[in-house]
Amino acid sequence: MPRTSPAPPPAQPAPPPAQPPVQPAPVATHCPYCALQCGMNLRPAGDTVEVVERADFPVNRGALCGKGRTAPAVLSSRVRLTEPLVRSAATGSLEPATWEEALARIAEGLGGTREAHGPDAVGVFGGGGLTNEKAYALGKFARVALGTSQIDYNGRFCMSSAAAAHQKAFGLDRGLPFPLEDIPRTGCVILVGSNLAETMPPALRYLTELKENGGTLIVVDPRRTRTAEQADLHLAPRPGTDLALALGLLHLVVAEGRTDEEFIRERTSGWPEARAGAMAHWPEMVERITGVPVPQLRSAARMFSDADTGMVLTARGPEQHSKGTDTVGAWINLCLATGHAGRPLSGYGCLTGQGNGQGGREHGQKADQLPGYRKLTDPAARAHVAGVWGVDPDSLPGPGRSAYELLDALGGDIKSLLLMGSNPVVSAPRATHIEQRLRSLDFLAVADVVLSETAALADVVLPVTQWAEETGTTTNLEGRVLLRRKAIDPPPGVRTDLEVLHGIAALLGHEKGFPTDAEEVFGELRRASAGGPADYSGISYRRITDENGVFWPCPDTAAGTSGAPGAVHPGTPRLFLDRFATADGRARFVPVVHRPAAEEPDADYPVLLTTGRVVAQYQSGAQTRRVAELNAAAPGPFVELHPRLADRVGVADGDPVAVVSRRGRAVAPARITDAIRDDTVFMPFHWPGEGRANNLTNPALDPTSRMPEFKVCAVRIGPAD
């Protein structure tokens, strides 16, 4: 038989096309840096995360600056702390240790000092970047576990003058009494001492939209910044004279009959005294003090008073002075006199700086404060919070020292310090002196994400989690309470700040009362804040998620006044529309008069120094200086000066310049530009070493807010030999 070939095998179906790997769902959260708290999505990617646009969050609408976009770089184990460090008695160096050893050393250091010298010999220093839960727990830890009155935080250096002025005028402090979305719809904005283009780039769009809508922008800044270049009118006063400028504008409003008499009569008190103070500051006098020409003063007064609605927004420029509270008060008086307050699309607002600068000043890490923005000296407030904490009200210590005064007392009355989320070696005024005070302590413990210049001085350093590795709430500059969500696990050996406080408290004999779960802590914070000025009791993690943030005050009204179900409080995006938070519901004019800066130029120190930020760095730079892209954009400090001043002192662009004050010396390259006054130099403050600007700054304090005078001091400059 013929041979036959075997039948071919049946055709195999083609393999299905390769499917792309399933991407993890992005986690909605917020940037770790400034008080905008821009929304972002994080997509886990191995041991880090990718930043993905989050267009649904109304503050930034998806936009991010370079700092926010590169924030995951600091999550890398190559640039951060991943294990506790303890200073060796044998070598004097910081060496790796177990958590048990590190916590025991801290309990021994703090507890031993308390035993030997009393509770007020132990200090606690917090930060405006801590979440609400951490700030709340830190204040409770200081007053309950340690029993000390000596607690304050670095936010004292940021918004305290504006906060004090808010309280005096309105009876309540919230950075902005309206959401950012109102700014483009007002008629005129006076922006005082803020360079939004570099400090909060995504917020610049609100000013752009203001002008597109036909509104006018007045910028007050001694430098012609990128923000000032957007202005319809740029006023460039001599540093330290913003108070005279505001009084001069109010004088013109009164003299030209531009006051809103009905608003003054119906909704304010104290006008005759404030008016008398302003009338002592006539235009020619104000020009001599500020250097702002009288025609510009008249234009500004008319632009603001003629607008149907208007806002004054201040930042650190007018606030970081020994008269910062009065200066902000003068700008508030201008708003009240023109009827630009307590009405839709009008008011005074402070552009809070740090990531949780608003929430951080509300819940107990300030020297004089209890949660809910309650006063530590108020017996009813003490009783309420003590009831939540389960302690005797009489056991709570009274108010302690403010931030600079606390740091200045280190090594003297205060012998041991626990520091969380701050780097005062770079950020404090008269920084060389503060570094010496830190070195003189018997014991220093620092909890941080990186080995900052301050952490490098510590006896114990604890590595703690970052924004993408933990859950917790912050409150942005609008008073909008937000939820940062955990996207990835931290490296092994890293713990949360709440776990740190729990562990130390347990070793000090407080095994209960310091939960490690953030939502549980927030629940306690809600109860402690209930009925206070900053009432969070109606806010929950679920509501924040569902509503894209909730504005305080937001009391818990769901139970109703009789215990029956009631309506859920919607939160308060806009304050003061019906009444101000004073006893009689009226805003209070506060009479103020100009006074010079604490330190004026003279023959030995003939030039003014002012300080500030640059777009690619943040605060003390402890984190941003570890990001290659940001360092490439802003590699180091500089001295900005006018060509005429450069000629007088004999320096060329790029030459090393020595800047000397009565407190210290700094050296940095010259950056010559006509965008600054010729009697003033500018230095950014993000760097340590010989370019540390805060070697120079003046710790003279505002008598009300205890704010140091960062923004002006007398210096001499010349070539660095």
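Leu345 sits in the loop that runs between α13 and β13 (347-350), where helices (H or I, at least four residues) and strands (E, at least two) are DSSP runs numbered from the N terminus. The phi of Leu345 is near 65°, a positive value in a residue other than glycine. Before I go on, please keep in mind that this is a predicted model, in which local features need pLDDT of at least 70 and side-chain atom pairs count only at pLDDT 80 or more, while totals for chains, interfaces and linings use all residues. Residues are numbered from 1 along each chain as its sequence is written, and side-chain values use heavy atoms, with hydrogens and water left out.

Turning to α13 itself, this helix covers residues 324-337, and its 14 residues reach 20 Å from the first C-alpha to the last, close to the 20 Å expected at 1.5 Å a residue, the expected span being 1.5 Å times one less than the number of residues. Is α13 largely enclosed by the rest of the structure, or largely open? Because 14 of its 14 residues are buried, α13 is largely enclosed by the rest of the structure; buried means under 20% relative accessible area, exposed over 50%, and partly exposed in between, with a 1.4 Å probe and protein chains only. Just after α13, Gly339 takes a positive phi of about 75°.

A positive phi also turns up at Arg61, a residue other than glycine, with a value near 50°. Arg61 belongs to the loop between β3 (48-52) and α1 (66-69), and at 34% relative accessibility it counts as partly exposed.

Now to the helix pairs. Two packed helices are described by the angle between their axes and the distance between the axes. The axes of α3 (residues 132-146) and α19 (residues 518-529) come within 9 Å and cross at roughly 65°, where axes are lines fitted to C-alpha atoms, for helices over the stretch in contact, and angles run from 0 to 180 degrees between N-to-C directions. α3 and α19 are therefore roughly perpendicular to each other, given that 65 to 115 degrees counts as roughly perpendicular, under 35 as roughly parallel, over 145 as roughly antiparallel and the rest as oblique. The contact, meaning heavy atoms within 4.5 Å, is made by Asn132, Glu133, Tyr136 and Lys140 of α3 together with Ala518, Val521, Phe522, Glu524, Leu525 and Ala528 of α19.

For α7 (residues 242-255) and α11 (residues 294-306), the axes come within 9 Å and cross at roughly 65°, which makes α7 roughly perpendicular to α11. On the α7 side the contact involves Leu245, Leu249, Leu252 and Val253, and on the α11 side Leu297, Arg298, Ala300, Ala301 and Ser305.

Thr697, in the loop between β27 (680-684) and β28 (698-701), counts as buried at 0% relative accessibility. Leaving aside neighbours within four places in sequence, Thr697 is in contact with Ala428, Pro429, Arg430, Thr611, Arg663, Phe710 and Cys713. Gly317, found in helix α12 (residues 316-319), is buried with a relative accessible area of 14%. Which residues does Gly317 contact, once its neighbours within four places in sequence are left aside? They are Gly193, Asp242 and Lys711.

Finally, a cis peptide bond joins Trp552 and Pro553, with omega about 0°, and Pro553 lies in the loop between β21 (550-551) and β22 (587-588).
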